[in-house]
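The sequence and the structure come next.

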Amino acid sequence: MASRTPLTGLAAHAELQGMARTLRGASIEQLFADDPGRAGEFTLEAAGLQLDYSKHLLDREAQAALVALADEAGLGERIPALLDGADINNTENRPALHSLLRASSGGELADKFEEVVAARARMRDYAERLNRGELQGYSGETITDVVNIGIGGSDLGPRLVTEALRPYHGSVNCHYVANVDPADLQDTLQALDPRSTLFIVCSKSFRTEETLTNSLAARDWMLEAGATEADLALHFLAITTNLEAATDFGIATENCLPMWDWVGGRYSVWSAVGLSCAIAVGWERFEQFLAGAEAMDRHFREAPLGANMPVLLSLLEVWYGNFLGAGNHVVLPYDNSLQRLPDFLQQLTMESNGKRVSEDGQALDYSTGPVLWGSAGTMGQHSFHQLLHQGTLLCPADFILPLTSHTGITGSHRRLVANCLAQSRTLMVGRSREAAREALLARGLPEGEAERLAPHLAMPGNRPSSVITMQALTPATLGALLALYEHRTFCSGQLWGINPFDQWGVELGKEIGAEILGRLSGDVGEGKMDPATERLMGVWEQAQG
């Protein structure tokens, strides 16, 4: 696609800089007072989700200017280009078709959609047969446990979805191993029986170091338990493109499901990479998960820029990162089932948009992907919320809140909801020094002591947040939520003029890691490392005795 004007070269950028100088010192509470319709009109519904973005340092004029920025950057043309299969990944000359994985029809992408449908059929077959107890291991025991071995996109997405949808689990237990630290695999296998365990090796290349190392250890575990080489076919599946390597490992071709180069790992939970999720919740629920994401895809395609949920979230990210100086973004899911969501979003956003050059390879002179962090509420309230409320950093926040709970324990859930809404409100209103002094006097402190401590109790407030709600956390709303953040990530990449679908930055570390591993394994290698690395390798060698 044609090269684009850098963010700072867009006409709307200069206008927004002036607005940012004004709004940086504005009061969000005053914005509500000046605009009586703000609370209702700064909300948006799509695909079972509602976004309330009224508690932001944003007025209607700045919002309109941000939408103009998106229009000037060509988002109106880029969105259908992404969804229709243009080679949007320009450094690797291919499309990014994760949306096709959850589509109900192929349109102009009929050939690729046929491959997707065929893969779904095989996923459904495995999921249904396992849940009916029809697959047995080498000793005739029914398979009761599935272990997904992957890392990055082959682990974070499936792990999140499986944990988030625990109320929908069927009869098969699904586990996840990613870390090359042997303790991860060992701890998982400790409670499992090799006779009733199935492994899914999830690696596009079948060469990813961590995944291959753990898979070989799992293979040894099976053989040591009494399985033969021929028996491995009953206990291993692979999600890969490297059929030869999988066969060499002992996984028959008919036990391999496909991965495609037009789907990045961090966007792949909708594909056969999500097989463990489909097994955990059953095929019908997995289809609902796909349908929720497809509903968000339709909204993303059809809604105008100013009423488009992923676009608005992206514009807020750019507004704070490029105009108001925030280098981070915190995600706070108020549902324990979503505790892995910040981990998933870290890879999605920072691997996608952690880039320093444009699509054309030109160095950028403005910030791109911010640091994303967070944890489940209310856990964070007893750790890092101190920084959110009284620290010196500006930390725009997303609160995510299901309005009902699967537990049926309404009293506790009511408290959870109250905490979520209270944190969002407290970020906005804060507490003045005078209010802090009065509160201390009400506690019975002497006037002098109240005056001394008031600055420590005061909170500046005026800190922005969005609240994303859903009626309940279901397969469909979870699908919509993940698709929402995928599309937000794409839009921000387009506004920054970068390619969010490659990840060249992870390669050098792997190459150097291989060199160091060779040295630690006794190879002479070519040349020395830096003095610090040489010293640390020596420390490791001494520790081995």
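## Phe206

Phe206 is buried, because its relative accessibility of 4% falls under the 20% cut-off. The model is a predicted one. In the backbone, Phe206 has a positive phi near 55° although the residue is not a glycine. Its place in the chain is the loop that runs between strand S5 (197-202) and helix H9 (209-224).

## Ala47

A positive phi is also found at Ala47, a non-glycine residue, with a value of about 50°. Ala47 sits in the loop between strand S1 (43-46) and strand S2 (49-52).

The relative accessible area of Ala47 is 26%, so the residue counts as partly exposed, a class that lies between the cut-offs of 20% and 50%.

## The cis peptide bond

The peptide bond that leads from Gly377 to Thr378 is cis, and its omega is near 10°. Thr378 belongs to the loop between strand S9 (371-374) and helix H15 (385-390).

## Helices H5 and H12

Helix H5 (residues 75-83) and helix H12 (residues 283-302) have axes that come within 9 Å of each other. The crossing angle of H5 and H12 is roughly 145°.

On the H5 side, the contact is made by Ile79, Pro80, Leu82 and Leu83. These meet Asp297, Phe300 and Arg301 of H12. Sorted by class, the contact of H5 with H12 holds 5 nonpolar and 2 charged residues, with no polar ones.

Definitions and conventions. Residues are numbered from 1 along each chain as its sequence is written. This is a predicted model: local features need pLDDT of at least 70, side-chain atom pairs count only at pLDDT 80 or more; totals for chains, interfaces and linings use all residues. Side-chain values use heavy atoms; hydrogens and water are left out. Helices (H or I, at least four residues) and strands (E, at least two) are DSSP runs, numbered from the N terminus. Buried means under 20% relative accessible area, exposed over 50%, partly exposed in between (1.4 Å probe, protein chains only). Axes are lines fitted to C-alpha atoms, for helices over the stretch in contact, and angles run from 0 to 180 degrees between N-to-C directions. Contact means heavy atoms within 4.5 Å. Ala, Val, Leu, Ile, Met, Phe, Trp, Tyr, Cys and Pro count as nonpolar, Asp, Glu, Lys and Arg as charged, and the others, Gly among them, as polar.
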